[in-house]
Amino acid sequence: MALSAAILVAGSLTVNAFSNPTPAQAMVPPGGYGATAPPMGWNSWFFYGANISAKNIADQAAGMATPNSNLPVNASGTHKSLADLGYRDVGIDDGWGPNNGAGRDANGTFTTKTGFLTGAQTKAVTLSNGTVVAARALNSMKDLTDYIHELGLKAGMYTDTGARGCGGMSGSGDHEAKDLTTFADWGFDYLKLDHCGGTPTKYSTVMADYKDWGSLAANAKTSAGVAHPIALDMCQWGAGSPDGPWVWGGAAGRTWRTGHDLSGNVGWGTTSNGGSTWVNFAQVTGNFDLNDHPSNQATGQYNDPDYLMIGPGFGNDPATGKQQTHGTDTTTLWGLTPDEQQSYFGMWAVQGAPLVLASDLTNLTAASAGIVGNQSVIAVAQDSANHQGQKVLDNGKVQVWSKQLATAGTRAVLLLNRSTTSQTYSFTTQSLGLNGTATVQNLYTGAGLGTLSSTGSKSFTLAPHQSVLLKLTGATEQKPDTVIVPTATGLSEKIWNSSTWSAWQNVSLGTAGSTGPGSIKGEPAVVSSAGGVDVFVRGADDGLWTNTYKNGAWGSWLNLPGMVLTASPTAASMGRDRIDVFVRGTNGQVYQRTFQQTPGADDKPAYWYDVKWTTSSVALGGPSTPTGSGTIVGAPTAVASLNRIDLFARGTDNALWQKSYVSGEWTGWTKRGGTLSSSPTAVSGHPGQIEVFAALSPTGNIGQLSWTATGGWSSTWYDLGRAGTGAPTASQVGDRINVYIRATDNTLWQWYRIGTGPTGTWQQLDSTTKLTGNPAAAAHP
Ligand code: GLA
């Protein structure tokens, strides 16, 4: 049924369009480097360790900006430099300051260590565009950043949140504003903020510390008062479960490390470690796994798995165990074989990770230039949609990671052999979750590989630790939608695969209180995450029960003790790695329980790392609800999108209320109005959009209230023109919004809308199956 006119359901409706929560905004300073794509560049740590001087930083900057005969040529036939390929950040790491709190002058201003600034001359560089950058003497930090800027590059500084840094040099501690002014005076563009010295006592959390730095850095000024915003790269190694930096980092800076250091060895540029292996492939894949937070990555906010030890730097000869000559780029470098180096770069590219080299840029040779200078692979890492690739297949040996690219119908697909034996692997578009036919290109070699379809497979034989990065053009994504309904025989699931519905697949509800919930009170909650489709229900015993539908089958029921439920639960997944469940307790308030995936182990419900119950309830308050009542009517509903969860509930005044968890912090409750006669349900297809549906008084018809980040809340509830029994449920698949209801004859009906506006269509999905409760729906990610 098409609705041409929106109907204002409640005359007294008050919708506040000005108190909308805004989506988490990345704290990259306006125009700041890293605002539109993940940073690329070089960092001093693995190559030099703490033994750095302004001179060797300047020499690496020169290496980055100097045209290299091993890199591709530009339009005028001149070889490009690494800078021309996008590598622009020149990052100083630990070791520029004096040790142990002795790093400040009488005014409390940071000083450099003895020997850092020696007056040494930089190299003169002729850039690929013919511009000549003259040599200069390095007598101050400003001399160094001026040189870096003249080379067309950005200069990065380093400090620590604590009073002491990781390598012993002084950190910032309580001198945040003072040090940012110093770094602005010195001309730095971005800052790596380490965490070895811990959090100053004035901050209650690590998050509060980094957020404070983020806003100070974005608003930094020189001591003369000139605005000089500084981008922030956070380095606290992903600590803080369940709220790791991927949840709140976007509200503090542009990148955050998600794991530990890739290698404990440092300093090849200045010392020898006697020929032991620098880094191994398990460390590389380990950090790749820890960096798997695709739901938290977006433009201006990037997960960071650490630096790229690819190219000249450290190499040990596998035959003799001896270190190779500095600068010779034969095969095994930093302890990695050529296949491992290539896979390392492919993994970072498919994750859209920062590409920050750790190698010696003054010696970039053919083999390493072939990897880090591959413009097609760099384009995957820097793709403007800024999606992080997701794991779509894993057979225990070969993994397939897929990254949706900005151009419609294109994606990068990494096939990675993580095993130590050769593997032959075949796949079709269908096994990658795609419909139709795709043309395929090997991005490592540039070779076209013909087409891939749902029936015509492709096969690759991959040597141990080898990978291939493919570009697929033409296939479309299958985005299945799941609807789960309580019936007389249990809980039944039906899946829409973009063209047809599956048959019902049923799971029995078991024996109350022992093998299952027995029966379901109210409606189930369903959420789709890496582990499959997870369903949560309130059992006959008022306990919370869960089951997972995965690989075409239901699992066993599991009881999640600790709460007596007085309404149906709701669940939301902020990412593949996390599920939050909200319930109404005996006191009528909302309680939250968080489940967190063990890093790297995707296939894991039943039931993850469990963060126990916390109350997220505060008094509802507000004009029509006496302050302090603090209770909700019926079941809450939660919806997650980039770095936020929005929780909606029907207040005791029957109005819709909202409370939001944004970048690691809860807001209070805000009234959104309406006169509800059922619990609400909410759906979000992408960040910056939420739709709420509920039955409305006095008709009982389903109503819809919409929010966009740009337009705020719609001023009216739209009447969808049909009443159901109890609460509706909704899902969003791309631009298609589906609302499901248990109709008054107990059959399942769907309303759907493609695009925007209130116009939609109702259809009965099944005329025979009778629902014994309200449905629940979820779109697969
Ligand atoms: C920590 C960081 C590294 C590096 C060192 C310097 O270990 O994780 O990246 O900055 O400190 O001491």
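Show side chains, and you will find Phe281, Val284, Thr285, Asn287 and Phe288 of α7 meeting Glu340, Ser343, Tyr344, Met347, Trp348 and Val350 of α8; contact means heavy atoms within 4.5 Å. By class, this contact has seven nonpolar, three polar and one charged residues. Here Ala, Val, Leu, Ile, Met, Phe, Trp, Tyr, Cys and Pro count as nonpolar, Asp, Glu, Lys and Arg as charged, and the others, Gly among them, as polar.

A word on what you are viewing: this is a predicted model, in which local features need pLDDT of at least 70 and side-chain atom pairs count only at pLDDT 80 or more, while totals for chains, interfaces and linings use all residues. Residues are numbered from 1 along each chain as its sequence is written, and side-chain values use heavy atoms, with hydrogens and water left out.

Now turn the view to look along the helices. The axes of α7 (residues 281-290) and α8 (residues 338-350) come within 11 Å and cross at roughly 5°. That makes α7 roughly parallel to α8, a label for angles under 35 degrees. The axes are lines fitted to C-alpha atoms, for helices over the stretch in contact, and angles run from 0 to 180 degrees between N-to-C directions.

Next, select leucine 308, in the loop between β9 (302-304) and α8. Is leucine 308 buried or exposed? At 0% relative accessibility, leucine 308 counts as buried (under 20% relative accessible area; exposed is over 50%, partly exposed in between, with a 1.4 Å probe and protein chains only). Its contacts beyond four places in sequence include Tyr344, Phe345, Trp348 and Leu355. Leucine 308 and tryptophan 348 are 40 residues apart in sequence, yet their C-alpha atoms are 8.6 Å apart in space.

Move on to strand β34 (residues 644-651), where eight of eight residues are buried. Which strands does β34 join? Seven bridges link β34 to β33 (residues 632-641), antiparallel, and seven link β34 to β35 (residues 656-662), also antiparallel. Two strands pair if DSSP finds at least two bridges between them. Valine 639 has aspartate 646 of β34 as its bridge partner, while phenylalanine 648 has glutamine 658 of β35. In the turn of the β33–β34 hairpin, asparagine 643 has a positive phi of about 55°.

For the last stops, select aspartate 542, in the loop between β25 (532-539) and β26 (544-550). Its phi is near 65°, a positive value in a residue other than glycine. Finish at proline 698, in the loop between β38 (689-695) and β39 (701-708), where the peptide bond from serine 697 is cis, with omega near 0°.

Terms used: Helix = DSSP H or I, 4+ residues; strand = E, 2+ residues; numbered from the N terminus. Parallel < 35°, antiparallel > 145°, perpendicular 65-115°, else oblique.
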